[in-house]
Amino acid sequence: DGALGDRVRLIRSVVSGHAGSGVATGAARIVDSEVSGNGERGIDGGKITAVRSMIFGNTLEGAQTGDRIKIVDTMVTGNGDAGLRGITFSTPIRVIRSDVSGNGAEGIFADLGRIRLRDSTVNNNVLDGIRDDSRLSIKVIDSQITGNGLDGVFQVSTSGCKLRVIDSTLTGNGTDPSCGVSQTCADIATCALPTVAGGTCDTSYDTTSGFPGTSWGVCLLD
């Protein structure tokens, strides 16, 4: 691994080319720095904050945590797996004025967390733009989610979902060849009726309805 310790602070630094993760820690604060080209994750830790930084080209996730992630004015791109991933119950992921695009799996993946996206882009990731496999919530405000391989936002749970899209654009998702052939893909996919206010989307569906899916009818072309 690269930078190790219970608490790691990087300021105007580069962590690149390590066989393991670039940063492995209980708490990481990354400011005006680059974490790139590492053999495992860019950042693997607990409380992760990245400000005005670049996290790119790592073999696995750009950043993964069991605690929390806050990304501000930062680019997370070209990582081999998800751009950002939360792996434990109630892990909050906040993305502000940032770009999480072009990653090899999901842009943002929460196993059991909640996601807040504001003034950001989540574009052209190989799988879903945002995926939430929990009963918690996603809020998308003043953001763009487009060109992702599967769903723009995917949310499924046995105990309920909550999705709010406000003044945002979710269009042109579902670019993978499997979409419409072996699975349903849409701009919004959730197990409870989503709220779309001042936003633009083309298609939505109920993730509990199976293939090919039943539309929620909340988007422009449904």
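**The strands around β7**

Author: Strand β7 is joined by four bridges to strand β10 (residues 91-96), and the two run parallel. Strands here are DSSP runs of E with at least two residues, numbered from the N terminus, and two strands count as paired if DSSP finds at least two bridges between them. Within this pairing, Ile71 stands opposite Val95 in β10.

The model is a predicted one, in which local features need pLDDT of at least 70 and side-chain atom pairs count only at pLDDT 80 or more, while totals for chains, interfaces and linings use all residues. Residues are numbered from 1 along each chain as its sequence is written, and side-chain values use heavy atoms, with hydrogens and water left out.

β7 also pairs with strand β9 (residues 84-86), in the parallel sense and over three bridges; here Gln64 stands opposite Arg85 in β9. A further parallel pairing, over eight bridges, links β7 (residues 63-72) with strand β5 (residues 43-51). In that pairing, Thr49 has Lys70 in β7 as its bridge partner. In a regular strand, the side chains alternate between the two faces of the sheet.

Neighbours within four places in sequence aside, Leu84 is in contact (heavy atoms within 4.5 Å) with residues including Ala63, Ile69, Ile71, Val95 and Ile108. Leu84 is also, together with Ile43, Ile108 and Ile130, among the residues with the most contacts inside the largest nonpolar core, which has 35 residues. Such a core is a set of buried Ala, Val, Leu, Ile, Met, Phe, Trp, Tyr and Cys residues joined through side-chain atoms within 4.5 Å. Buried means under 20% relative accessible area, exposed over 50%, and partly exposed in between, with a 1.4 Å probe and protein chains only. In soluble globular proteins, nonpolar side chains tend to be buried together.

Arg12, in the loop between β1 (3-11) and β2 (14-16), has a phi near 50°, a positive value in a residue other than glycine. Arg12 is exposed, with a relative accessible area of 67%. Asp119 is found in the loop between β13 (113-118) and β14 (121-123); its phi is likewise positive, near 50°. At 38% relative accessibility, Asp119 is partly exposed.
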